[in-house]
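I opened this model to look up its pockets, its sheet and its aromatic pairs. My entries follow in the order I made them.

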Amino acid sequence: MYLEHFGLRELPFSLTPNTQFFLNMASYHKAYNMLMVSIANREGFIKVTGEVGTGKTMLCRKVLNSLGEDEDYVTAYIANPVLSPKGLFLAFAEELGMEVTTDVGHHSLLKQITRKLMGYAAEDRQVVLFIDEAHAMPEQTLEALRLLTNLETETQKLFQVVLFAQPELDELLRQKSLRQLQQRITFSYRLEALDRDGLDRYVSHRLATAGYNGASVFSRGALNALYRASEGIPRLINILCHKAMMVAFGKGDRTVDAAHVRKAAEDTDGVDVPVKNLRPAMMVSAGVVVCAVALLYIVGYYL
C-alpha cells in the first residue's frame, strides 16, 4: 500500500468510523455539544439527521465513547433497528447485559427490562439508548419504542433515546400515527456536508492524525476537484482520497494532483468526474471571443 510512500503510520481515509479521526470543526462540535448537554439534562428523545455519508455514525461513536468514560452513564447501542417491537426489546435487554431467551413473553420481557432500569435509577446511573439508522425502523417498532419510554419514576424517565437517521425519518415522523413520538423529540440537529474550507481542514486533519507531517499531499487543484466530485460528503471524500493516493503511488508521485482525483472519480460509482479547470488566460480569451461574436451579431442585425 502507499503508507511508506507518503510517510504514514496508518490509512488516513478508512471508512471505519474511528473516533481518533473525529474533526472538531464548527458543525460537528455544535452537534456534539448539543448531544452531551441534552443527555446531561435528561431530555426526552434526541434526533440527529443527515444525508448518507455525512458522519452520523462517527458522531454517535464519539458520544458513546465520551459517555463510556463516565460511570454515571449506562449506554446501549443498536446499529440495525429493522426489528419487530419484541426484537427491539430483546436487543435493548441484551445491550443492558440481561440474559433473556427469545421465547420469553412480551409482558415478562417488559417487566424484566423495567426492573433492570429501576436498578440503575436506584444507583443514580443514567441509561441512554442510541439507535443508528433509525429511519429504517418499522412504524410499529417506533411506536413501541415511544411506549417503552413511558417507563419512569415519580421524578424522571428511566432512560433516554438518541436517534441517528437519514432525512427519511423526518418524513416518517410527519405521519399522523407517529405524531406523539414527534412531540417527544426535544432536541434535533441536521448534519450538513462540508464546505470548501471544511474539506481542506478535513483532509489535512486526517492525514496529520495518520502520522503525516510533511508538505501538502493534495495540490490546490486536487482539492478543488475533490470538492466538486464529493460535494463535501465525508464518506465520498474518504473514498476518493484513498483511491487518488493509490493512483499517485502507482505512478511514483509524491503529490496528489487533479488528474489523480479525476481518475479516482472515474472508478467510483455515484460521483461526477470533475472537469479540468480552464487556465485564467484561456477563460479571459474565451470571454472576449464570446463578447466579440455577440457584438458583431447585434451590429449586423441593425444594419
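**Pockets, sheet, rings**

I began with the lining of the largest pocket and asked which helices supply it. Helices α3, α9 (196-209) and α11 (234-251) each give at least two residues to that lining. I keep in mind that this is a predicted model.

Next I looked up the volume. The largest pocket holds about 430 Å³ of space. I counted its lining at 23 residues. Nearest the centre I noted G53, T54, G55, K56 and M58. I then sorted the lining by class: 11 residues are nonpolar, 8 are polar and 4 are charged.

I moved to the second largest pocket. Its space comes to about 150 Å³. Here 13 residues form the lining, and V203, S204, L207, S216 and V217 lie nearest the centre. Which helices each supply at least two residues of this lining? I found α9 and α10 (220-230). The largest share, 5 residues, comes from α9. By class I logged 8 nonpolar, 3 polar and 2 charged residues for the second largest pocket.

I read 5 strands in the order β2-β3-β4-β1-β5, forming an open sheet with parallel pairing. Which strands stand at the edges? They are β2 (73-78) and β5 (185-191). Each has a single partner strand, so one side of each is left without a neighbour in the sheet. I put the average twist at 15 degrees from one strand to the next.

I checked one pairing by itself. Strand β3 (residues 126-131) runs parallel to β4 (residues 159-165), and 5 bridges join the two. Within that pairing, V127 has F159 of β4 as its bridge partner.

I also looked at what packs on the sheet. Helix α3 (residues 56-68) does, and it touches β1 (45-50), β2, β3, β4 and β5. Its direction makes about 155 degrees with that of β2.

Last, I searched for aromatic pairs. The structure holds 6. I picked out F92 and F159. Their ring centres are 4.9 Å apart and their planes stand at 45 degrees, so I file the pair as tilted. The pair links distant parts of the chain, with F92 in helix α4 (residues 85-95) and F159 in strand β4, 67 residues apart.

Methods: Residues numbered from 1 in each chain as written. Predicted model: local features only at pLDDT ≥ 70, side-chain atom pairs only at ≥ 80, totals over all residues. Heavy atoms only, no water. Pairing = 2+ DSSP bridges. Helix = DSSP H or I, 4+ residues; strand = E, 2+ residues; numbered from the N terminus. Axes fitted to C-alpha atoms, helices over the stretch in contact; angles between N-to-C directions. Contact = heavy atoms within 4.5 Å. 1 Å grid on protein atoms, 1.4 Å probe; cavity = no way out; pocket = protein on both sides within 12 Å on 5 of 7 lines; lining within 4 Å. Points joined across faces, edges and corners; volume = space filled by probe spheres on them. Nonpolar A, V, L, I, M, F, W, Y, C, P; charged D, E, K, R; others polar. Phe/Tyr/Trp six-rings, centres within 6.5 Å; stacked < 30°, edge-to-face > 60°.
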